[in-house]
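Trainee: Please take one part of this model and look at it closely. I would like the cut-offs along the way.

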Amino acid sequence: MLSHVVILGAGATIAAIPNGDKNGIKSPAMNDFFIRTQMEHLLDDFEIKTTSTNLEDIYSELYENPKYKDKLGVLDDAIYDYFSKLRLPDEPTIYDLLILGLTKD
């Protein structure tokens with residue numbers, strides 16, 4: 001049996017649930033993440049120098065700043081909570097179909 005490797009890139013969750021998850025919750029892109037998830041208020045306690053609205057840029061800046069070491073847990077928890085609420089829809093996603101297409105039968 002041949003094995004396959006599937007590498008998912010940026011946007012994989014959005015591609016899998018373009019209309020939202022089972023409950024209609026949308027998966028946000030990294031750009032404007034805090035705005036799209038209505039979590040921008042969580043950034044009020046941080047002095048952010050980047051003009052980027054990208055989650056990775058903002059988080060990287062805060063992570064590298066030692067004065068925020070003890071405050072990042074709030075962001076970690078909020079981001080985790082948001083994504084942990086997403087539920088796969090009942091119908092197959094594009095990735096379910098991809099995996100099925102890689103099987104023998």
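Mentor: What follows is a close look at helix 4. This is a predicted model, where local features need pLDDT of at least 70, side-chain atom pairs count only at pLDDT 80 or more, and totals for chains, interfaces and linings use all residues. Residues are numbered from 1 along each chain as its sequence is written, and side-chain values use heavy atoms, with hydrogens and water left out.

Helix 4 covers residues 72-84, 13 residues in total. Helices here are DSSP runs (H or I, at least four residues), numbered from the N terminus. From first C-alpha to last, helix 4 reaches 18 Å. That is close to the expected 18 Å at 1.5 Å a residue; the expected span is 1.5 Å times one less than the number of residues.

Now the buried side. Leu72, Leu75, Ala78, Ile79 and Tyr82 are buried in helix 4. They sit on the same side of helix 4 because they cover an arc of only 130° around the axis. The arc is that of the directions from the helix axis to the C-beta atoms. In general, an α-helix has 3.6 residues a turn, so residues three or four places apart point the same way.

Buried means under 20% relative accessible area, exposed over 50%, and partly exposed in between (1.4 Å probe, protein chains only). The face turned away from the buried side carries the exposed residues Val74 and Tyr80.

What covers the buried residues? The cover includes helix 2 (33-36) and helix 3 (55-64). Contact means heavy atoms within 4.5 Å.

The loop between helix 2 and helix 3 holds Gln38. Gln38 has a positive phi of about 60°, although it is not a glycine. Gln38 is exposed, with a relative accessible area of 65%.

Technical notes: Helix = DSSP H or I, 4+ residues; strand = E, 2+ residues; numbered from the N terminus.
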